[in-house]
Amino acid sequence: MDLETVADELYRLRPEEFTATRAARMAEARTAGDRALADRIGRLRRPSLSAWAGNLLVHESPGEVEPLLRLGEGLRQAHRDLDGPQLRELSRQQRVLVTALSRQAGQLAARAGHPITEAARHEVENTLRAVLADPDAAREWASGRLVRPLAAGTGFPAAAEGAAPAPPSPAAELAKVTGATKAAAADRRRRLTRARKEADRAARELRTREKAAATASREAFAAKKNWDGAQQRVADLTAELQHAREVQQQARSAERTARERARTADRGVREARRKADAAAEEVRRLETQEQ
């Protein structure tokens with residue numbers, strides 16, 4: 001057991017489970033003789049409800065983390081470059097994504113048994129805006145261990161310190177807009193290409209898994225059929241064995257009866273022979289007397 005493992009466990013729990021589980025892990029660390037670890041576990045703070053809902057997004061929907069982080073990088077760069085068209089496009093994406101993710105956090109919290117209030121959902125939105133504006137806030141949120149909601153800043157970083165840049169000429173502005181439009185179109189094409197490739201890979205994987213599932217189903221059916229046949233064979237052999245044992249028992253009983261009869265008959269033969277010998281001896285004695 002180490003602090004990272006315990007922290008990952010604790011910040012995945014529902015808020016009401018946090019304190020008891022933390023106490024249990026502290027006790028385990030003390031029992032193992034690691035008092036320093038027990039103290040560090042004890043310093044882990046229970047998250048507020050909105051912070052917990054923000055953590056749920058990281059733990060339960062990891063696929064949503066990277067798009068938000070990439071959008072934050074793009075927004076910060078666009079602010080530094082004073083790229084108006086790009087800023088407008090990314091700001092639109094920001095509104096859509098923050099609204100969607102805060103709603104998703106609320107749904108995840110409700111499914112986990114803790115519906116959040118509208119005020120808590122606004123705190124989740126502020127956390128997500130802070131993630132977009134501040135790379136340190138982004139790293140803190142992506143760890144999935146928020147203790148309290150993050151505060152959204154007042155704006156994005158400026159292009160540079162000092163005087164404001166000179167306004168561009170109309171031609172430069174037109175070129176910038178055209179370049180931004182082309183860049184945005186190229187970026188969309190790249191995203192579309194990646195999405196199509198990903199869809200193709202997903203479709204291929206689906207077909208592979210469907211074939212594997214069908215094969216497994218056929219194998220399972222054949223195995224069940226073999227098992228049923230083996231069970232029937234076992235039942236038949238068991239019945240045959242029982243019958244053979246009964247026949248064996250009957251044969252043993254008959255053998256014992258026949259042996260007893262043979263002994264009785266043998267005794268009768270010996271008795272008859274004795275009587276015959278005695279009678280023959282009497283005949284010889286009488287014949288001898290007559291002579």
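Student: Where is Ser-61 found?

Tutor: The model under discussion is predicted. Ser-61 touches Leu-56, Gln-104 and Leu-108, leaving aside residues up to four places away in sequence. As for its own position, Ser-61 lies in the loop between H4 and H5.

Student: Does Ser-61 count as buried or exposed?

Tutor: The cut-off for a buried residue is a relative accessible area under 20%. The relative accessibility of Ser-61 is 10%, so Ser-61 counts as buried.

Student: Which side chain does the side chain of Ser-61 join in a polar contact?

Tutor: Gln-104 is one of the residues that Ser-61 touches. A polar contact of 2.7 Å links the side chain of Ser-61 to that of Gln-104.

Student: How are H4 and H7 oriented to each other?

Tutor: The axes of H4 and H7 cross at roughly 55° and come within 9 Å. Angles under 35 degrees count as roughly parallel, and those from 65 to 115 as roughly perpendicular. The crossing is right-handed. H4 and H7 are therefore oblique to each other.

Student: Which residues of H4 and H7 make the contact?

Tutor: Both helices contribute to the contact where their axes come within 9 Å. From H7 come Ala-120, Glu-123, Val-124 and Leu-128, and from H4 come Ser-50, Ala-53, Gly-54 and Leu-57.

Student: Which element gives the largest share of the largest nonpolar core?

Tutor: The largest nonpolar core has 32 residues, and those with the most contacts inside it are Leu-57, Leu-68, Leu-128, Val-131, Trp-141 and Leu-150. Two or more residues of this core come from each of helices H4, H5, H6, H7 and H8. The largest share is eight residues, given by H6.

Student: Which residues does Leu-68 touch, not counting residues up to four places away in sequence?

Tutor: Leu-68 is among the residues with the most contacts inside the largest nonpolar core. With residues up to four places away in sequence not counted, Leu-68 touches Leu-97, Leu-101, Leu-128, Val-131, Leu-132 and Trp-141.

Student: How many residues are in the second, separate core?

Tutor: Ala-7, Leu-13, Ala-29 and Leu-37 are included in this second core. Its size is 12 residues.

Student: Does Ala-38 count as buried or exposed?

Tutor: Ala-38 has its place in helix H3, which spans residues 35–42. Not counting residues up to four places away in sequence, Ala-38 touches Met-26, Ala-29 and Arg-30. Because its relative accessibility is 0%, Ala-38 counts as buried.

Key. Residues are numbered from 1 along each chain as its sequence is written. This is a predicted model: local features need pLDDT of at least 70, side-chain atom pairs count only at pLDDT 80 or more; totals for chains, interfaces and linings use all residues. Side-chain values use heavy atoms; hydrogens and water are left out. Helices (H or I, at least four residues) and strands (E, at least two) are DSSP runs, numbered from the N terminus. Buried means under 20% relative accessible area, exposed over 50%, partly exposed in between (1.4 Å probe, protein chains only). Contact means heavy atoms within 4.5 Å. A nonpolar core is a set of buried Ala, Val, Leu, Ile, Met, Phe, Trp, Tyr and Cys residues joined through side-chain atoms within 4.5 Å. A polar contact is a pair of N or O atoms within 3.5 Å; within protein, one must be able to donate a hydrogen and the other to accept it, and residues adjacent in sequence count only if both atoms are side-chain atoms. Axes are lines fitted to C-alpha atoms, for helices over the stretch in contact, and angles run from 0 to 180 degrees between N-to-C directions. Angles under 35 degrees count as roughly parallel, over 145 as roughly antiparallel, 65 to 115 as roughly perpendicular and the rest as oblique. A crossing is left-handed if the near helix is turned anticlockwise from the far one by less than a right angle, and right-handed if clockwise.
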